[in-house]
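Hi there,

Here is the structure I promised to pass on to you.

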Amino acid sequence: EPEVTQTPSHQVTQMGQEVILRCVPISNHLYFYWYRQILGQKVEFLVSFYNNEISEKSEIFDDQFSVERPDGSNFTLKIRSTKLEDSAMYFCASSAGPYYGYTFGSGTRLTVV
Amino acid sequence: AQKVTQAQTEISVVEKEDVTLDCVYETRDTTYYLFWYKQPPSGELVFLIRRNSFDEQNEISGRYSWNFQKSTSSFNFTITASQVVDSAVYFCALSEARSGAGSYQLTFGKGTKLSVIP
């Protein structure tokens with residue numbers, strides 16, 4: 001069964017550093033997402049990407065965050081200057097459309113120290 | 001705005017007991033999709049079921065069953081004869097199918113942590 005692949009599985013970074021989280025969505029999917037889960041809390045929507053642009057973003061997704069789909073296969077989330085509160089599990093997901101459901105990657109656990 | 005409420009924060013049951021996890025949702029759309037995900041201690045999100053708003057048939061899959069009631073905006077999940085391997089956090093989620101939105105993002109509930117005691 002097709003998978004969404006996320007790398008790295010775990011990243012530790014110093015506060016103020018830039019990080020890039022990488023995702024390879026399922027190839028024929030059209031919708032791409034990033035979600036965040038702070039430890040012990042619920043999964044929160046960050047951003048959706050469709051037709052090569054951001055289709056919706058949450059209040060969490062401020063100017064420190066950006067997304068790209070640089071080569072038609074990878075889908076990246078960049079955090080420009082990490083803060084301690086950015087420590088969380090970040091999930092990438094892709095979908096062929098809401099009727100077909102969503103496939104989540106295994107997540108990247110980001111730890112900001 | 002869409003909202004999902006899972007009122008039960010934590011539930012503990014003894015192995016082989018049945019357990020029901022509650023989910024209540026709010027949406028202004030007539031077309032929407034409901035989901036349940038399991039998150040084991042390893043952290044990944046495991047898809048369990050998807051239901052669209054036009055299909056109110058209850059579903060059974062092995063020891064799992066789901067009761068979808070539009071009249072009460074609920075989509076409850078029952079595990080029959082629970083096992084230790086069922087111990088996890090379970091999330092209910094909602095997606096609205098607004099045409100042209102290009103988003104269809106999932107809104108998750110806060111999750112219910114289920115502990116099955118041997």
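Below is what turned up, starting with the disulfides and moving on to the aromatic rings.

Before anything else, please keep in mind that this is a predicted model.

**Disulfides**

Searching the whole structure gave two disulfides over all chains. In chain A, the bond runs between A:Cys23 and A:Cys92, with the sulfurs 1.9 Å apart. The two cysteines come from distant parts of the chain: A:Cys23 sits in strand 3 (residues 19–24) and A:Cys92 in strand 9, 69 residues apart. The angle about the S-S bond is -65°, a left-handed link. As for accessibility, A:Cys23 has a relative accessible area of 0% and is buried; A:Cys92 is likewise buried, at 0%.

The other disulfide connects B:Cys23 with B:Cys92, at an S to S distance of 2.0 Å. Here B:Cys23 is found in the loop between strand 3 (19–21) and strand 4 (24–26) of chain B, while B:Cys92 belongs to strand 10 (residues 88–96), so the bond ties together parts that are 69 residues apart in sequence. This link of B:Cys23 and B:Cys92 is left-handed too, with -65° about the S-S bond. Relative accessibility is 0% for B:Cys23, which counts as buried, and B:Cys92 is buried with a value of 0%.

**Aromatic rings**

How many aromatic pairs are there over all chains? The count comes to 27. Take A:Phe91 and A:Phe104 as an example: their ring centres are 6.3 Å apart, and because planes over 60 degrees apart count as edge-to-face, their angle of 85° makes the pair edge-to-face. This pair also links distant parts of chain A, with A:Phe91 in strand 9 (residues 88–97) and A:Phe104 in strand 10 (residues 101–104), 13 residues apart.

Finally, one aromatic cluster has members from chain A and chain B. From chain A it includes A:Tyr33, A:Tyr35, A:Phe45 and A:Tyr102, along with the A:Phe91 and A:Phe104 described above. From chain B the members are B:Phe35, B:Tyr37, B:Phe47, B:Phe91 and B:Phe108.

Conventions:
Residues numbered from 1 in each chain as written. Chains lettered and ligands numbered in written order. Predicted model: local features only at pLDDT ≥ 70, side-chain atom pairs only at ≥ 80, totals over all residues. Heavy atoms only, no water. Phe/Tyr/Trp six-rings, centres within 6.5 Å; stacked < 30°, edge-to-face > 60°. Helix = DSSP H or I, 4+ residues; strand = E, 2+ residues; numbered from the N terminus. Disulfide = S-S within 2.5 Å. Buried < 20%, exposed > 50% of the residue type's maximum accessible area, 1.4 Å probe, protein only.
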